[in-house]
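Okay, hi everyone, thanks for coming.

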Amino acid sequence: MRRPMTLLAACVLALLSAQPASAAGPWGPLAPPNPFIGPTGTATMHGDAGSSDATPLAGPDARAAAIGAYPLASACPTLLEGSDRLVVALCTAIAGQTPTVHLLDPAAPGLLAPSLAALPLTKGSLLGGVYAYLDRDDRLVVVDGTDRLLRVRHERDAAGAWRLISEESADLGSVIPSGDNVTGLVPDWSGNVWFATGRGVVGFVTPAGLVTALTLPAGEQVANSISAAPRGQVAVATTHALYELRVGPSGAPEIAWRAAYDRGSARKPGQLSWGTGSTPTYFGPETGADYLTIVDNADGQVHALVFRSGTGELMCTVPVLGEGGAGSENSPVGIGRSIFVASTYGYPYPALPEGAGPASPPNAPFTGGMTRVDVSADGCLVMWENKVRSAAVPRLSTADGALYTVARVGSDHATPVDGYAFTVLDPETGAVTASHPLPGAIVDDPLETAPLITHDGRLLQGTVTGILRVG
């Protein structure tokens, strides 16, 4: 028997039917805001529930690059900003590799800014605890190393000092095998909190706290985050296939469709798993979530794959990164009819997740490179390619029409003395329009993580030792 739709879910679907996607600029619409996460563009690592890596916020003025830093002695891949304009960072401490939540003020003056508060979490796997999001109350939603779904809020005490308080929301231990950890986390438009583990358990926690899950085929691993679309779909990319799931008639998760892709014969250098390096990206010209894209791991040339959300129909596929290294650990940027793919082939990661397996070849130069692909009636068309050595996940601003990243500066054979540069590109042509050196060398490696563009036009970039602030 089909479960009755909750009043909240019915209201959300009614609103989606009556309202268009977020206003379309020259790059097309963003999907409607997910009512269960914080501000669009700043509430998830990839900006929104659909992992578009596009933001409605303008970035720093390309002519000005004032620099600040948060020296946290931690690698900080997850930077999120709430409606109160405070930044919540999920970092991994260098000492002991303990996941730690930091509360930061992006407007704090001075070259070196402090953490307002810090809260260590229970350690899990290398990728466990990396992907988290802010809910509509500015609480960090994260799963710790003991499989507890937590919501971490921040408040000031009587003396005016900030503190972080963790509250358990659900225990996922009943569906997660021993030794496994949650990798991806996202809410759907009905308030279910979906999760995926490294070993392929996918499920969700209902608003009432009920936990339900299914296990994907044996041997398929999840090494990246997961994404959600307004009509209830949730996308998961494993090391073998791309899936869309949904809540089934019984109230449990079910697979809507599965599409295998070419995973190649081995992990490529500059990737963290043997398979796609993409968190699936929703994008599209009509609703902002018409299509779903990943990059495969085919031997030699890799390909961007574009599927129709809801049906799994393969819309088109095209070789990408022909000018640079043929492999990507980064989620594509997706907006309107366009996707932007950045190469990580040969990137010298200092550590790999357990079970990543050997790379073939064992190492390679980091030549970089980016590709823009447009989806049209004629299929996938490559619009441009360049040789920018992006050391971060690019972020596109629909407010100022610029593509932002941090580029690695040095020879193709990466060394510890390489530098980095705040880099602005024209997404129409792929040309660099501004480049400003950043301080530091190996201690400021961005590790191909995603930057955060804040509501006041700053860009925060996580590094291996903390966070850099531009603007």
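This is a predicted model: local features need pLDDT of at least 70, side-chain atom pairs count only at pLDDT 80 or more; totals for chains, interfaces and linings use all residues.

Let's take the disulfides one by one. Cysteine 76 is joined to cysteine 91, with 2.2 Å from S to S. If you look along the S-S bond, the angle about it is 105°, and the link of cysteine 76 and cysteine 91 is right-handed. Where do these two sit? Cysteine 76 is in strand S3, residues 74-81, and cysteine 91 is in strand S4, residues 87-93, so this pair ties together parts that are 15 residues apart in sequence. And both of them, cysteine 76 and cysteine 91, are buried.

Now the other one. Here cysteine 316 and cysteine 380 form the disulfide, and their sulfur atoms are 2.0 Å apart. The link of cysteine 316 and cysteine 380 is right-handed too, with 65° about the S-S bond. Cysteine 316 belongs to strand S22, residues 314-320, while cysteine 380 belongs to strand S26, residues 379-386, so the parts being tied together are 64 residues apart in sequence. Buried or exposed, what do we call cysteine 316? Cysteine 316 has 8% relative accessibility, so it counts as buried. Cysteine 380 comes out at 11%, and therefore counts as buried as well. If you number the bonded cysteines along the chain, the pattern of the disulfides reads 1-2, 3-4.

Okay, zooming out to the whole protein. What does the secondary structure come to? We have 1 helix and 33 strands. The C-alpha trace spans about 65 × 60 × 45 Å along its principal axes. As for how it packs, a compact globule of 471 residues would have a radius of gyration near 23 Å, and the protein has 20 Å, which agrees. Buried residues make up 59% of the 471 residues. On contacts: take those between residues at least 6 apart in sequence, and 54% of them join residues at least 24 apart.

Let me finish with two individual residues. One is tyrosine 70, which you'll find in strand S2, residues 67-71. Tyrosine 70 has a relative accessible area of 1%, so it is buried. What does tyrosine 70 touch, not counting residues up to four places away in sequence? Its contacts include Leu104, Asp105 and Pro106, and also Leu460, Ile467 and Arg469. Phenylalanine 195, on the other hand, is 125 residues along the chain from tyrosine 70, and their C-alpha atoms are separated by 30 Å.

The other residue is alanine 351, in the loop between strand S24 (338-342) and strand S25 (370-376). With a relative accessible area of 39%, alanine 351 is partly exposed. Alanine 351 and leucine 272 are 79 residues apart in sequence, with 8.9 Å from C-alpha to C-alpha.

That's my tour, happy to go back to any part of it.

Methods. Residues are numbered from 1 along each chain as its sequence is written. Side-chain values use heavy atoms; hydrogens and water are left out. Helices (H or I, at least four residues) and strands (E, at least two) are DSSP runs, numbered from the N terminus. The radius of gyration is taken over C-alpha atoms; the globule rule is 2.2 Å times the number of residues to the power 0.38. Buried means under 20% relative accessible area, exposed over 50%, partly exposed in between (1.4 Å probe, protein chains only). Contact means heavy atoms within 4.5 Å. A disulfide is a pair of cysteine sulfur atoms within 2.5 Å.
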